[in-house]
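The sequence and structure come next.

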Amino acid sequence: MKIVVTGGLGFIGQALGRRLRGLGHDVVLVDSLTTQIHGALPQVVLPEGATFFRMDVRDLARNPELIEGCEAVYHLAAETGTAQSMYRVQDYVGVNELGTAALIEAIAAADRKPKRVILASSRSVYGEGAYVAPGRPDVLIQPSPRTPEQLAANAWEPVGADGSALQAVPTPENLPFFPGSIYAATKASQELLLRAAGPALGFKPVIFRFQNVYGEGQSLQNPYTGIISIFFNRARQGMEIPVYEDGLESRDFVHVDDIVDGLVAALDADLPDGVVMNLGAGAPTTVLDLVHQLLASGGFDVPVRVTGQYRVGDIRHCFADLTEARRLLGFEPRVSLADGLSRFCVWAGSQPVHVDKSEQAAAELRARKLMGA
Ligand SMILES: NC(=O)c1ccc[n+]([C@@H]2O[C@H](COP(=O)([O-])OP(=O)(O)OC[C@H]3O[C@@H](n4cnc5c(N)ncnc54)[C@H](O)[C@@H]3O)[C@@H](O)[C@H]2O)c1
């Protein structure tokens, strides 16, 4: 099959491109190679036999021949920093929403259109994940985003309407959109745009909502997203690891190989119209626990400081309910966090050391009152 991957030289796009080439597909990668991800002098390693076009995804509408005759498009190109999206609003809306609009126009202009458009959406569209109240495990609650006042008072855990404690549970796909950042809003918008266009243009939108993806190949120079890469880059330079809030906030860390399994299975699986699937490890890990596992795995002995700092718009907990991906794709995460971190550390240790810019990124947030304490 001819398959187009936008954002095809990003972290997930590269891993996907390699897998698709290994399966014998004709792979076309479209990527603008942004400086934030790839540095000023991008070192491009193309999957063998893949074709690459350096192009802004927003220019696809003027180049519909790239889409012509392809069986499927994976749409991965995006600006991806949650906190950064809160002040670079036009850039995020421009790339993520207009980029999706341009892809739709390219499909409309093509004579032989793709049958599927597979979107890399995000768990961020939920905002906080699903919770239950004590004694009511059958009623899912989606708490409102924590207010700046709550965060300033170190009231980290979301609470019920009556102020009662809640417990995080696996988040299913039918939880409504409740984006807590501009990035999240643009991912929800991408979903809606593709779902609106699909029936008219004759393609099936397949929406994946990824949890926190990590692994070999993740940018080590982007200070705005990817805490495992950011922490590794600091640890290898002997720098302290700052952990926000009380360190007990949790995420669902999923290895990129598992994500690629899900993406590839979606190429020819029998999927219902309007399908939306979570992809993750299906289990929460606190950030503090993650840091200790990462440092042990990399053999680093650096201080860890729980700072009590917080970012407006960050969620407290979310982890994936994988029922749909299991039922429709036979999806099962295969890489344990311990194995994944160990593989990541070996790879990252072989890469050049990058100047740490995470403190500069935090200062940008503080200057805009998007970070406290
Ligand atoms: N990594 C995660 O944890 C995660 C979680 C949820 C969703 N996602 C989604 O998965 C997709 C891929 O994420 P990733 O982690 O590989 O990110 P990444 O930043 O490594 O890759 C994104 C790629 O898109 C390219 N790009 C950015 N703007 C572009 C533009 N205007 N035109 C063309 N290319 C452009 C970048 O150069 C980069 O190569 C994104 O859509 C992201 O929102 C990722």
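A polar contact is a pair of N or O atoms within 3.5 Å. The model discussed here is predicted. In this model a nitrogen atom of the ligand lies 3.1 Å from a backbone N or O atom of Ser 32. For Gly 10, a backbone N or O atom is 3.1 Å from an oxygen atom of the ligand. Tyr 183 takes part through its side chain, where an N or O atom is 2.6 Å from an oxygen atom of the ligand.

How much of the ligand's accessible area does the protein cover? On its own the ligand has 820 Å² of accessible area, and the protein covers 93% of that.

## The shell around the ligand

There are 29 residues around the ligand, and those that come nearest are Asp 31, His 38, Val 57, Leu 76 and Tyr 183. By residue class, the shell divides into 15 nonpolar, ten polar and four charged residues.

Several helices and strands contribute to the shell. At least two residues each come from the helices α1 (11–22), α2 (35–38) and α5 (182–201), and likewise from the strands β5 (116–122) and β10 (212–214). The largest share belongs to β5, which supplies three residues.

## The seven-stranded sheet

Strand β5 is also part of an open sheet of seven strands. The strand order is β3-β2-β1-β4-β5-β9-β14, and the pairing is parallel. Because β3 (51–54) and β14 (276–279) stand at the edges and each has a single partner strand, one side of each is left without a neighbour in the sheet. From one strand to the next, the twist averages 20°.

## The three-stranded sheet

Another open sheet has three strands in the order β7-β6-β8, with antiparallel pairing. Its edges are β7 (136–141) and β8 (167–168); each has a single partner strand, so one side of each is left without a neighbour in the sheet.

Which residue in β7 is the bridge partner of Tyr 131? The partner is Ile 141. Strand β6 (residues 131–133) and β7 run antiparallel and are joined by two bridges.

Note on methods:
Residues are numbered from 1 along each chain as its sequence is written. This is a predicted model: local features need pLDDT of at least 70, side-chain atom pairs count only at pLDDT 80 or more; totals for chains, interfaces and linings use all residues. Side-chain values use heavy atoms; hydrogens and water are left out. A residue is near a molecule or strand if one of its heavy atoms lies within 4 Å of it. A polar contact is a pair of N or O atoms within 3.5 Å; within protein, one must be able to donate a hydrogen and the other to accept it, and residues adjacent in sequence count only if both atoms are side-chain atoms. Accessible areas come from the Shrake-Rupley method with a 1.4 Å probe; for residues, only the protein chains shown count as cover. Helices (H or I, at least four residues) and strands (E, at least two) are DSSP runs, numbered from the N terminus. Ala, Val, Leu, Ile, Met, Phe, Trp, Tyr, Cys and Pro count as nonpolar, Asp, Glu, Lys and Arg as charged, and the others, Gly among them, as polar. Two strands pair if DSSP finds at least two bridges between them. Axes are lines fitted to C-alpha atoms, for helices over the stretch in contact, and angles run from 0 to 180 degrees between N-to-C directions.
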